[in-house]
Every structure is written in structure tokens, then in C-alpha cells.
Amino acid sequence: MLGFFLRLLPFWVREPLLIVIGSVFGLRILYLAVDEKKWAPAGIGAVFLLLAAVSVHRVVRALRARRGASAGAAGAGLPAQPQPVAARIPAPPVSPAAPVPPKEIHAGVQVFAALAVFGVLAASVWLGPRLLPSEGEGEGPPRAAACPSEEDAKGEKAPDAYAKADVVTGADLCEALNTPDLAGLLGTPEETATGASGDNGTAALTGGKVARPVAEVRFDTYTVNVSVTYNKLSMDQYVKLMKFGNETDIKKSTVLDRTAVFFSQPTMAIEVDLGGGGTGGPVTDGPLARNLAVALDDKDRGGYCELTVWSDAGTFPDDDALLDIAETVLPAIPERTV
């Protein structure tokens, strides 16, 4: 189909077009092949250049043939006719000069004009991406991935436990956690978050009566999860419950004059067998995660905010990083008043 349309074009448009396309694409492909050290595309680039060279040969041959035809026509002109004698034939009255027909545009000018037009188009295609600013340029430090908006959650009714005025939502937590400084606090300032989410959940075994919003921001190295549990459990009671779990490296601390505790516990890993007719694998311990739980008010009336950081490699930043992240998130969570 493309060849059919090319054949419909006039010679002095088609051939310059083929020259421009062949040379631009050929040189571009050759440049990329040399830059990436991939020699298969180099052959394709050489083919484009060969097609351009063939078109150049056709244009040169057509120009030579046209010059030869013009020279032959000039050499075959009729001999000059004898001028009439003025004494015998009176001079005819002078008539207005007939308009001179426009000269035919020289083939070389047509070639130059076609090459100029397609050269400008090729330069625009070639240099356009280089002249445009790269994505995100001039916008300051990269932000974390966008949190779900209110429109995304439209139509999803929050549980009744979120009807209280001092209860935050998963979207609120996500906005508080999703800051441009989060990667720097984790010790990986060059990274940008690959995902962010928020959820309006409830605590387990409470029949949906205890709100537990959750937000999570994921990076290539670390994943950060923050949740708020609006129960009546104080931090002292929470620490006592840890003896029945598999928490390790327990260390008490304070954050913004509130009682806090550090602890480590493994994440869960689920292995799914997709072959042999199996339905799934057992739930096992995954990489170790570092946690920081902080009371919702300075009097520890109950409820806590829990911050968790982990990585697939099983490493996590030091505890000071978790303290800095907690001090960033906690101001967005209203203190417990009752």
C-alpha cells in the first residue's frame, strides 16, 4: 500500500522524500546501534542509507538527462530568417507587448525546495524530544506516588466506626505519609515511591466496631505501612501482650511526649503452587520488619498508631528513621480525648 502511494507522487517529490527518509532514519538507527552496541539494527540502518543512495542516483541521472535535452533543443533551432527591407514593407504599427509566459521552475530548484521542506520536518522529529524539558524537570524534588483521591473512593461507604469526628481515614493517613521527604528519611533519597494506597478497615475480632485505617507507600528498597487502631488498649497493655507473640528486640521510647515502643516481628509469606494440581502453600514467616507503636495521646488513654518498615532483603533503617517518620505522620492524627 505504501509503495502504491509513493508511485502516485511526482518524481521530484517522491525521490527527495525517499532521500530524506532514508538518510534520517538510516543515520538515526546507525547511531542507536553504535551507542547500544547492537549490530542487528545497524544492518537495517544500512538498508535505509542504501535506499537513499539509490534515490540520489536517480535524481542525478534525471538532472543530467534534462540538461542534455535542453542543450539538444537549443542546437536544433531553425536558421535565422532574413529581415524584411524597410523600404519595401512599411513597419507595422506597434502593438502592446504580449505577456511573457512564466518560466518553468528549474528541476534543481524543485529538488532543493523539497529537500528543505522535508529537512525541516526531519529536524523537528529528530530534535523535538531533545528540546522539550524532560518529565518532572523543574518541579523540585520528586513526590511519592499519588494517594487515592476522594473520587476513587466514591461510592464506597466507610464502616460505621468512622462516624466519630476524631477518626482519620486511610486517605488521610496516606496523605500524611506520602511526602517528598519520606525517601530521604528512609536513607534512600534517590528513590521515588512506586505506589501508595489507603484503606478504611476495621480491627479483627471486633465485628467492625473498631476503626483501623491503613496506608502504605512502597519504594524499590523499603515499604512503609502506617495504621491507627482506635481500641482501648494502652501501650503498657500492648507491651504485656507481646510476650504471647513472636516479637523481638522490644525497646520503649517516646515520640512527641507520647509513650512508644519499638519491636521486630517477621512478615508473612504465602507460597502458592501453580503446578501439579496443588491449591496453595503454607503461610510462613517472611522478612523481618521493624515496628514502632505510639499512643494516640500523651496520657495513653488507649489506641495506638503503628508504623512498620520492611524490605524483601530483610533489612530496615535504624530506629531514628522510624522516629522521624512518626513525627511526620502523628500531627495529622487527632489526639484521643476520651
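How do the residues of the lining of the second largest pocket divide into nonpolar, polar and charged? I took this up first. The model is predicted.

**Pocket**

I counted four nonpolar, six polar and two charged residues in the lining of the second largest pocket. The space in this pocket comes to about 270 Å³. I listed the lining residues: Arg212, Val214, Asn225, Ser227, Gln265, Pro266, Thr267, Ala289, Asn291, Glu306, Thr308 and Trp310. Then I looked up which elements they sit on. Strands E2 (211-218), E3 (223-229), E5 (258-270), E6 (283-295) and E7 (304-310) each give two or more residues to the lining.

**Largest nonpolar core**

I turned to the largest nonpolar core, which has 40 residues. Leu292 and Ile333 touch the most other members. At least two core residues come from each of helix H5 (170-177), helix H6 (182-185), E2, E3, E5, E6, E7 and helix H8 (319-329). H8 gives the most, with five residues.

Leaving aside neighbours within four places in sequence, I found Leu292 in contact with Val255, Ala260, Val261, Phe262, Cys305, Glu306, Leu307, Leu322, Leu323 and Ala326.

Which residues of helix H7 (residues 235-242) are buried? I found Met235, Tyr238 and Met242. Seen down the axis of H7, the buried residues fall within an arc of 55 degrees, so they line one face of the helix. In an α-helix there are 3.6 residues a turn, so residues three or four places apart point the same way.

Notes. Residues numbered from 1 in each chain as written. Predicted model: local features only at pLDDT ≥ 70, side-chain atom pairs only at ≥ 80, totals over all residues. Heavy atoms only, no water. Buried < 20%, exposed > 50% of the residue type's maximum accessible area, 1.4 Å probe, protein only. Helix = DSSP H or I, 4+ residues; strand = E, 2+ residues; numbered from the N terminus. Arc of directions from axis to C-beta. 1 Å grid on protein atoms, 1.4 Å probe; cavity = no way out; pocket = protein on both sides within 12 Å on 5 of 7 lines; lining within 4 Å. Points joined across faces, edges and corners; volume = space filled by probe spheres on them. Nonpolar A, V, L, I, M, F, W, Y, C, P; charged D, E, K, R; others polar. Core = buried A, V, L, I, M, F, W, Y, C linked by side-chain atoms within 4.5 Å. Contact = heavy atoms within 4.5 Å.
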